[in-house]
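Please look through the structure below before reading on. The paragraphs after it move from single residues to the chain as a whole.

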Amino acid sequence: MEDAINSIPEEAWPLLDALLLITCVVTALWLIWVIFVSWRRKASNLTSVRGASANRRASPDFLEVDEKARKAAIARGEAYDKVLDKRDATEAAEARRELRRKESMVSRAGRLISFAMALFSLATMVSGTLFQVSVMGRYWEQYSAGERLMAVIQEHPIGVAVTVAVILFNIVTFVTNRKWEG
């Protein structure tokens, strides 16, 4: 054996070293691959081809249900569903809070003005009803419907303007919020 090794020329040793290194790397990769495949088969509950037999009555391992593992998986799924439901509720509450935070000063002022205008309109209508019943009776007797409306508008321009503004504001708010889509 020693004579065979001594007969190898010096120029061939680097090539032999490289071939030995390649052989070791390929062997290591093959060994890693075999271990990985066997772990994968075991995790998937598969039988290797060499382990198969000619038994016609045999059934695959994956057809047998592990009831204990199944119940544990169902319990984990239910726990996960509870976590998801809680997270969804939290996200919805946060979205509502964010929506409230985004409300600008202009929209707050608009709501306050709308409320004040509605109160003023209500007060105008109540006072008009209580204190001017006789005037309305004259309108009713003397004028047609269109003339009555024009007379009320001429005698109470502020109340009519406030009422029209409140109605227009509510119509615009309703259209911009698109309540019919929700």
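Asp-81 sits in helix α3, which covers residues 67-102. The model is a predicted one. With a relative accessible area of 44%, Asp-81 is partly exposed. This residue belongs to a negative surface patch, together with Glu-78, Asp-85 and Asp-88. Residues in such a patch need over 30% relative accessible area, so Asp-81, at 44%, passes that cut-off.

Is Ser-114 buried or exposed? Buried means under 20% relative accessible area, and Ser-114 has 11%, so it counts as buried. Leaving aside residues up to four places away in sequence, Ser-114 touches Val-166, Phe-169 and Asn-170.

Now consider the whole chain. Which kinds of element does it contain, and how many of each? The chain has seven helices and zero strands. Read from the N terminus, the order of the elements is therefore α-α-α-α-α-α-α.

The chain has 182 residues, and 6% of them count as buried. Ser-114 is one of the residues that count as buried.

Taking contacts between residues at least 6 apart, 44% of them join residues at least 24 apart.

Terms used: Residues are numbered from 1 along each chain as its sequence is written. This is a predicted model: local features need pLDDT of at least 70, side-chain atom pairs count only at pLDDT 80 or more; totals for chains, interfaces and linings use all residues. Side-chain values use heavy atoms; hydrogens and water are left out. Helices (H or I, at least four residues) and strands (E, at least two) are DSSP runs, numbered from the N terminus. Buried means under 20% relative accessible area, exposed over 50%, partly exposed in between (1.4 Å probe, protein chains only). Contact means heavy atoms within 4.5 Å. Patches are made of residues with over 30% relative accessible area and no salt bridge: like charges are joined within 9 Å, nonpolar side chains (Val, Leu, Ile, Met, Phe, Trp, Tyr) within 5 Å. Accessible areas come from the Shrake-Rupley method with a 1.4 Å probe; for residues, only the protein chains shown count as cover. A salt bridge is a side-chain nitrogen of Lys or Arg within 4 Å of a carboxyl oxygen of Asp or Glu. Lys and Arg count as positive and Asp and Glu as negative; His and the chain ends are not counted. The place of a charge is taken as NZ of Lys, CZ of Arg, CG of Asp or CD of Glu.
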